[in-house]
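Here is a brief report on one protein chain.

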Amino acid sequence: MSFLITGGRSQTGLATARYLKDAGKNVVIGSRNGLVPDGYDSVKLDWDDPSTLEAPFANGQTYQSVYLVSPLGLGVVDICKNIIAFIDVAVKHGVSRFVLLSGSMVDKAGEYGVAKVHQYLEEKKLDHFVLQPTMFMDNFLLTYAKGIREKDVIETDTPNAKVPMISVKDIGRFSAEALLKDKSDITEMRVLGPELVTFDQAAEILTRVLGRKITHQVVPPEKVVENYVSIPKLGWSKEFAQFVVMAGGAVDAGSEERLFGLPNTLFGEETFEQWAERFKSSFAPST
(Lines give C-alpha, C1' and ligand atoms only; values in the text may rest on other atoms or scores of the structure.)
Protein backbone atom coordinates (compact mmCIF):
# COMPACT_ATOMS: atom_id res chain seq x y z
CA MET A 1 0.00 0.00 0.00
CA SER A 2 0.98 3.62 -0.47
CA PHE A 3 1.45 6.53 1.92
CA LEU A 4 -0.58 9.70 1.43
CA ILE A 5 1.05 13.05 2.20
CA THR A 6 -1.44 15.91 2.43
CA GLY A 7 -0.55 19.58 2.23
CA GLY A 8 0.91 19.61 -1.27
CA ARG A 9 4.35 21.22 -1.36
CA SER A 10 4.55 21.98 2.36
CA GLN A 11 8.06 21.97 3.82
CA THR A 12 7.51 19.02 6.15
CA GLY A 13 5.33 17.14 3.68
CA LEU A 14 8.05 17.11 1.03
CA ALA A 15 10.71 16.18 3.59
CA THR A 16 8.53 13.30 4.80
CA ALA A 17 7.89 12.15 1.23
CA ARG A 18 11.62 12.06 0.51
CA TYR A 19 12.35 9.89 3.54
CA LEU A 20 9.58 7.46 2.61
CA LYS A 21 10.71 7.31 -1.02
CA ASP A 22 14.31 6.68 0.07
CA ALA A 23 12.95 3.79 2.16
CA GLY A 24 11.46 2.29 -1.00
CA LYS A 25 7.86 3.23 -0.26
CA ASN A 26 5.28 4.43 -2.75
CA VAL A 27 4.21 7.98 -1.93
CA VAL A 28 1.19 9.92 -3.16
CA ILE A 29 1.10 13.68 -2.53
CA GLY A 30 -2.27 15.39 -2.17
CA SER A 31 -2.15 18.85 -3.73
CA ARG A 32 -4.69 21.51 -4.63
CA ASN A 33 -2.97 22.18 -7.96
CA GLY A 34 -1.15 18.94 -8.75
CA LEU A 35 2.29 20.57 -8.64
CA VAL A 36 4.59 18.06 -6.97
CA PRO A 37 8.26 17.15 -7.50
CA ASP A 38 9.19 14.72 -10.24
CA GLY A 39 9.07 11.10 -9.18
CA TYR A 40 5.94 11.36 -7.03
CA ASP A 41 2.36 10.51 -7.80
CA SER A 42 -0.12 13.28 -7.11
CA VAL A 43 -3.82 13.57 -6.49
CA LYS A 44 -6.07 16.60 -6.12
CA LEU A 45 -6.82 17.31 -2.46
CA ASP A 46 -7.78 20.79 -1.34
CA TRP A 47 -8.74 21.41 2.29
CA ASP A 48 -10.83 24.39 1.12
CA ASP A 49 -12.84 22.20 -1.28
CA PRO A 50 -14.83 19.35 0.33
CA SER A 51 -15.59 17.91 -3.12
CA THR A 52 -11.94 16.75 -3.37
CA LEU A 53 -11.90 14.69 -0.17
CA GLU A 54 -12.78 11.43 -1.95
CA ALA A 55 -10.29 11.98 -4.79
CA PRO A 56 -7.28 10.24 -3.17
CA PHE A 57 -9.29 7.00 -3.02
CA ALA A 58 -10.45 6.93 -6.64
CA ASN A 59 -10.02 3.65 -8.51
CA GLY A 60 -9.63 1.69 -5.29
CA GLN A 61 -6.39 3.38 -4.16
CA THR A 62 -5.47 2.33 -0.61
CA TYR A 63 -3.05 3.78 1.93
CA GLN A 64 -1.19 2.33 4.87
CA SER A 65 -1.18 5.68 6.66
CA VAL A 66 -1.78 9.39 6.06
CA TYR A 67 0.23 12.47 6.99
CA LEU A 68 -2.06 15.36 7.89
CA VAL A 69 -0.74 18.90 7.56
CA SER A 70 -2.80 22.08 7.41
CA PRO A 71 -1.97 25.26 5.49
CA LEU A 72 0.00 27.95 7.30
CA GLY A 73 -2.43 30.47 8.70
CA LEU A 74 -5.08 27.97 9.75
CA GLY A 75 -5.67 30.01 12.89
CA VAL A 76 -7.42 32.62 10.79
CA VAL A 77 -9.42 30.37 8.47
CA ASP A 78 -10.75 27.36 10.34
CA ILE A 79 -10.79 24.38 7.99
CA CYS A 80 -10.49 21.75 10.71
CA LYS A 81 -14.01 20.60 9.85
CA ASN A 82 -12.85 19.59 6.36
CA ILE A 83 -9.77 17.80 7.70
CA ILE A 84 -12.02 15.92 10.13
CA ALA A 85 -14.41 15.08 7.29
CA PHE A 86 -11.43 13.75 5.33
CA ILE A 87 -10.44 11.54 8.27
CA ASP A 88 -13.92 9.97 8.16
CA VAL A 89 -13.55 9.38 4.42
CA ALA A 90 -10.10 7.86 4.90
CA VAL A 91 -11.31 5.50 7.63
CA LYS A 92 -14.16 4.41 5.36
CA HIS A 93 -11.56 3.49 2.74
CA GLY A 94 -9.43 1.47 5.14
CA VAL A 95 -6.83 3.92 6.44
CA SER A 96 -5.88 2.82 9.94
CA ARG A 97 -3.15 5.27 10.96
CA PHE A 98 -2.79 9.05 10.92
CA VAL A 99 0.19 11.27 11.68
CA LEU A 100 -0.73 14.90 12.41
CA LEU A 101 1.58 17.89 12.32
CA SER A 102 0.61 20.28 15.12
CA GLY A 103 2.82 22.68 17.06
CA SER A 104 4.47 23.11 20.43
CA MET A 105 2.19 26.05 21.26
CA VAL A 106 -1.05 24.36 20.19
CA ASP A 107 -3.14 23.20 23.15
CA LYS A 108 -5.13 20.19 22.04
CA ALA A 109 -7.92 21.21 24.42
CA GLY A 110 -8.11 24.63 22.79
CA GLU A 111 -9.50 26.09 19.59
CA TYR A 112 -6.44 27.24 17.66
CA GLY A 113 -4.68 25.47 14.82
CA VAL A 114 -5.34 21.76 14.46
CA ALA A 115 -6.44 21.31 18.08
CA LYS A 116 -9.89 20.14 16.96
CA VAL A 117 -8.33 17.55 14.66
CA HIS A 118 -6.16 16.28 17.52
CA GLN A 119 -9.24 16.05 19.72
CA TYR A 120 -11.14 14.15 17.04
CA LEU A 121 -8.40 11.54 16.56
CA GLU A 122 -8.47 10.89 20.30
CA GLU A 123 -12.26 10.86 20.62
CA LYS A 124 -12.61 8.32 17.80
CA LYS A 125 -9.78 6.23 19.29
CA LEU A 126 -8.02 6.13 15.94
CA ASP A 127 -4.41 5.00 15.72
CA HIS A 128 -2.53 8.27 15.52
CA PHE A 129 0.61 10.17 16.37
CA VAL A 130 0.85 13.95 16.75
CA LEU A 131 4.10 15.84 16.18
CA GLN A 132 4.38 19.12 18.09
CA PRO A 133 7.43 20.93 16.72
CA THR A 134 8.78 24.26 17.86
CA MET A 135 10.02 26.96 15.46
CA PHE A 136 11.40 25.63 12.16
CA MET A 137 14.95 26.67 11.29
CA ASP A 138 13.73 26.69 7.69
CA ASN A 139 11.38 29.56 8.48
CA PHE A 140 14.46 31.77 8.39
CA LEU A 141 14.28 31.31 4.62
CA LEU A 142 10.79 32.80 4.58
CA THR A 143 10.76 35.39 7.34
CA TYR A 144 14.33 36.66 7.67
CA ALA A 145 16.24 35.84 4.47
CA LYS A 146 15.22 39.07 2.70
CA GLY A 147 16.52 41.25 5.53
CA ILE A 148 19.73 39.23 5.73
CA ARG A 149 20.33 39.43 1.97
CA GLU A 150 19.54 43.13 1.66
CA LYS A 151 20.64 44.62 5.00
CA ASP A 152 22.62 41.90 6.85
CA VAL A 153 20.00 42.17 9.60
CA ILE A 154 17.60 39.86 11.44
CA GLU A 155 14.69 41.96 12.69
CA THR A 156 12.63 40.60 15.60
CA ASP A 157 10.75 41.91 18.61
CA THR A 158 11.96 39.00 20.79
CA PRO A 159 15.31 39.97 22.35
CA ASN A 160 15.10 37.36 25.10
CA ALA A 161 13.76 34.35 23.18
CA LYS A 162 15.68 31.10 23.51
CA VAL A 163 14.29 28.58 21.04
CA PRO A 164 15.17 24.89 20.48
CA MET A 165 14.77 25.40 16.73
CA ILE A 166 14.21 22.25 14.67
CA SER A 167 15.09 21.65 11.02
CA VAL A 168 12.44 20.52 8.56
CA LYS A 169 14.80 17.71 7.61
CA ASP A 170 14.57 16.29 11.14
CA ILE A 171 10.79 16.76 11.25
CA GLY A 172 10.51 14.85 7.98
CA ARG A 173 12.49 11.97 9.43
CA PHE A 174 10.34 11.80 12.55
CA SER A 175 7.14 12.01 10.48
CA ALA A 176 8.25 9.22 8.15
CA GLU A 177 9.19 7.00 11.09
CA ALA A 178 5.78 7.62 12.66
CA LEU A 179 3.98 6.78 9.42
CA LEU A 180 5.87 3.51 9.13
CA LYS A 181 4.99 2.35 12.64
CA ASP A 182 2.07 0.01 13.21
CA LYS A 183 1.04 1.44 16.55
CA SER A 184 2.12 4.12 19.02
CA ASP A 185 1.83 3.70 22.77
CA ILE A 186 2.67 7.39 23.11
CA THR A 187 0.42 9.37 20.77
CA GLU A 188 1.95 12.86 20.96
CA MET A 189 5.45 14.23 21.38
CA ARG A 190 7.12 17.60 21.25
CA VAL A 191 9.75 17.93 18.52
CA LEU A 192 12.73 20.14 19.40
CA GLY A 193 16.15 20.86 18.02
CA PRO A 194 19.32 19.77 19.85
CA GLU A 195 20.13 23.19 21.32
CA LEU A 196 18.62 26.44 22.56
CA VAL A 197 19.41 29.36 20.27
CA THR A 198 18.77 33.08 20.78
CA PHE A 199 18.44 35.41 17.80
CA ASP A 200 21.70 37.08 18.85
CA GLN A 201 23.36 33.66 18.67
CA ALA A 202 21.69 32.95 15.31
CA ALA A 203 23.20 36.19 14.00
CA GLU A 204 26.64 35.18 15.30
CA ILE A 205 26.34 31.75 13.67
CA LEU A 206 25.28 33.25 10.35
CA THR A 207 28.18 35.69 10.59
CA ARG A 208 30.60 32.77 10.81
CA VAL A 209 28.92 30.73 8.09
CA LEU A 210 28.35 33.56 5.61
CA GLY A 211 31.64 35.35 6.23
CA ARG A 212 30.07 38.76 6.78
CA LYS A 213 28.63 40.55 9.78
CA ILE A 214 24.97 39.70 10.47
CA THR A 215 23.24 41.66 13.23
CA HIS A 216 20.13 40.95 15.27
CA GLN A 217 18.14 44.16 15.49
CA VAL A 218 15.23 44.50 17.93
CA VAL A 219 12.33 46.42 16.40
CA PRO A 220 8.77 47.25 17.51
CA PRO A 221 6.10 44.56 17.01
CA GLU A 222 4.41 46.72 14.39
CA LYS A 223 7.56 46.59 12.26
CA VAL A 224 7.66 42.79 12.49
CA VAL A 225 4.01 42.63 11.37
CA GLU A 226 4.85 44.94 8.48
CA ASN A 227 7.80 42.74 7.50
CA TYR A 228 5.67 39.57 7.50
CA VAL A 229 2.84 41.08 5.46
CA SER A 230 5.33 42.43 2.88
CA ILE A 231 6.66 38.95 2.00
CA PRO A 232 4.57 37.66 -0.94
CA LYS A 233 5.68 34.04 -0.47
CA LEU A 234 4.22 33.99 3.04
CA GLY A 235 0.83 35.20 1.91
CA TRP A 236 -0.07 36.23 5.46
CA SER A 237 -2.90 38.60 6.25
CA LYS A 238 -2.23 41.40 8.70
CA GLU A 239 -4.49 39.60 11.18
CA PHE A 240 -2.46 36.40 11.05
CA ALA A 241 0.85 38.29 11.19
CA GLN A 242 -0.39 40.04 14.33
CA PHE A 243 -1.29 36.68 15.84
CA VAL A 244 2.20 35.33 15.12
CA VAL A 245 3.77 38.39 16.74
CA MET A 246 1.51 37.99 19.77
CA ALA A 247 2.60 34.35 20.09
CA GLY A 248 6.19 35.55 19.83
CA GLY A 249 5.64 37.44 23.08
CA ALA A 250 5.12 34.11 24.85
CA VAL A 251 8.29 32.76 23.26
CA ASP A 252 10.19 35.83 24.44
CA ALA A 253 8.90 35.13 27.96
CA GLY A 254 10.35 31.60 27.84
CA SER A 255 7.53 29.34 26.63
CA GLU A 256 9.73 27.36 24.22
CA GLU A 257 12.80 27.42 26.44
CA ARG A 258 10.83 25.67 29.19
CA LEU A 259 10.10 22.73 26.86
CA PHE A 260 13.77 21.82 26.62
CA GLY A 261 14.48 18.68 28.64
CA LEU A 262 10.87 17.72 29.33
CA PRO A 263 9.75 14.07 28.86
CA ASN A 264 7.92 12.86 25.74
CA THR A 265 10.21 14.87 23.49
CA LEU A 266 11.93 14.00 20.23
CA PHE A 267 15.22 15.81 19.67
CA GLY A 268 16.51 16.51 16.19
CA GLU A 269 20.13 16.04 15.23
CA GLU A 270 20.86 19.05 13.03
CA THR A 271 22.24 22.14 14.75
CA PHE A 272 21.47 25.64 13.53
CA GLU A 273 25.03 26.01 12.28
CA GLN A 274 24.80 22.79 10.27
CA TRP A 275 21.49 23.95 8.85
CA ALA A 276 22.95 27.36 7.94
CA GLU A 277 25.80 25.67 6.09
CA ARG A 278 23.28 23.74 3.98
CA PHE A 279 21.37 26.89 3.05
CA LYS A 280 24.13 29.51 2.99
CA SER A 281 23.52 30.29 -0.69
CA SER A 282 19.98 31.42 0.20
CA PHE A 283 21.44 34.29 2.24
CA ALA A 284 23.85 35.58 -0.41
CA PRO A 285 23.75 39.40 -0.72
CA SER A 286 21.24 40.84 -3.15
CA THR A 287 22.84 42.23 -6.29
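## Leucine 206 and its contacts

Contact here means heavy atoms within 4.5 Å. The model is predicted. Set aside the neighbours within four places in sequence, and leucine 206 is in contact with Phe140, Ile148, Ile154, Gly211, Arg212, Ile214, Phe272, Ala276 and Phe283.

## The largest nonpolar core

The largest nonpolar core has 34 residues. Six of them touch the most other members: Phe140, Ile148, Ile154, Leu206, Phe272 and Phe283. Which helices each supply at least two residues of this core? They are helix 5 (145-151), helix 7 (199-210), helix 8 (221-229), helix 9 (238-252) and helix 10 (272-278). Helix 7 gives the largest share, with 7 residues.

Strand 6 (residues 127-133) and strand 9 run parallel and are joined by 4 bridges. Here proline 133 stands opposite valine 191 in strand 9.

## Helix 6

Helix 6 has 13 residues. At 1.5 Å a residue, they should span 18 Å.

Is helix 6 largely enclosed or largely open? Of its 13 residues, 10 are buried, so helix 6 is largely enclosed by the rest of the structure. The buried set is Val168, Asp170, Ile171, Gly172, Arg173, Phe174, Ser175, Ala176, Ala178 and Leu179.

Aspartate 185 sits in the loop between helix 6 (168-180) and strand 9 (188-192). Is aspartate 185 buried or exposed? The cut-off for exposed is over 50% relative accessible area. Aspartate 185 has 82%, so it counts as exposed.

Aspartate 185 and leucine 262 are 77 residues apart along the chain. Their C-alpha atoms are separated by 18 Å.

## The annotated domain

The unreviewed UniProt entry places the feature "domain: NmrA-like" at residues 84-244. In the model, this span is 43% helix and 18% strand. The end C-alpha atoms of residues 84-244 lie 25 Å apart.

Definitions and conventions. Residues numbered from 1 in each chain as written. Predicted model: local features only at pLDDT ≥ 70, side-chain atom pairs only at ≥ 80, totals over all residues. Heavy atoms only, no water. Core = buried A, V, L, I, M, F, W, Y, C linked by side-chain atoms within 4.5 Å. Buried < 20%, exposed > 50% of the residue type's maximum accessible area, 1.4 Å probe, protein only. UniProt positions renumbered as here; feature names shortened; annotations may be inferred. Expected span 1.5 Å × (residues − 1). Pairing = 2+ DSSP bridges.
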